[in-house]
Amino acid sequence: MAASIILRITEQGRRVFESPLMEQLQVYRARWPEEAAVVEDFLELLADSRNPFLRERLEGHFTGGAWLVSADGRRTLLTHHRKLARWLQLGGHADGDTDMGQVALKEAEEESGLPDLKLDDTAIFDLDRHWIPERKDVPGHWHYDVRYVIRAGADERYVVSEESLDLAWREIAPIADEPDESLSRMARKWLAAQAQAGA
């Protein structure tokens, strides 16, 4: 169920939508200070009184991304995206839901068909602002993708949805060296976190 949409005014005079996202972005900025400018872009969107959780806001809107990892943490499930014709993480539009972790989980479930998926952590895993080219009657626009770790269970038998040309489990380590900066950054973050956890 979508989180209720409530607009409030912050002490700094910003109009923001009530959402777990505000606090999560502040925690993310403290963890990744080198990404402070990116976080500021996301906070600016959150402060826009035109609902940034709706895809109809064509100047840009929030999307939820899923870094969907296998139970052992060694592989990630990627989609060969039908519209963009690229291998990407799973995810999609918020459609009014302000709880982006739940958006990422819902999109992962719908796009993979995997049972027993779990939101691994309510903390944001990665942020990525990227341009979506014009397609049919939808003009080009920005996606502000808020990404979370989603953990798969023992059953890894996925179902390819209409959103995808294909799905594939990929070893995470080689992705860290790929030219796609978005995917390689997530792979590097994941590998660093796993190394730290194992230390």
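Modeller: Happy to! Let me start with a term: a helix here is a DSSP run of at least four residues, numbered from the N terminus. With that, H5 gives the largest share of the lining of the second largest pocket, 5 residues. Please keep in mind that this is a predicted model.

Colleague: What else can you tell me about the second largest pocket?

Modeller: Its volume is about 210 Å³. Of its 14 lining residues, those closest to the centre include Phe-125, Trp-190 and Ala-193. By class, the lining has 8 nonpolar, 1 polar and 5 charged residues.

Colleague: Which helix holds Lys-189, and why is Lys-189 called buried?

Modeller: Lys-189 lies in helix H5, residues 181-198. Buried means under 20% relative accessible area. Lys-189 has 7% relative accessibility, so Lys-189 counts as buried.

Colleague: What makes the pairing of Lys-189 with Glu-35 a polar contact?

Modeller: The cut-off is a pair of N or O atoms within 3.5 Å. The side chains of Lys-189 and Glu-35 make their polar contact at 3.0 Å. Leaving aside neighbours within four places in sequence, Lys-189 is also in contact with Tyr-28, Trp-32, Phe-125 and Asp-126.

Colleague: And the largest pocket: how much space lies in it, and which element gives the most to its lining?

Modeller: About 920 Å³ of space lies in the largest pocket. His-81, His-93 and His-143 are among the residues closest to its centre. Strand E5 gives the most to that lining, with 6 residues.

Notes
Residues numbered from 1 in each chain as written. Predicted model: local features only at pLDDT ≥ 70, side-chain atom pairs only at ≥ 80, totals over all residues. Heavy atoms only, no water. Helix = DSSP H or I, 4+ residues; strand = E, 2+ residues; numbered from the N terminus. Buried < 20%, exposed > 50% of the residue type's maximum accessible area, 1.4 Å probe, protein only. Contact = heavy atoms within 4.5 Å. Polar contact = N/O pair within 3.5 Å; in protein donor to acceptor, adjacent residues only side chain to side chain. 1 Å grid on protein atoms, 1.4 Å probe; cavity = no way out; pocket = protein on both sides within 12 Å on 5 of 7 lines; lining within 4 Å. Points joined across faces, edges and corners; volume = space filled by probe spheres on them. Nonpolar A, V, L, I, M, F, W, Y, C, P; charged D, E, K, R; others polar.
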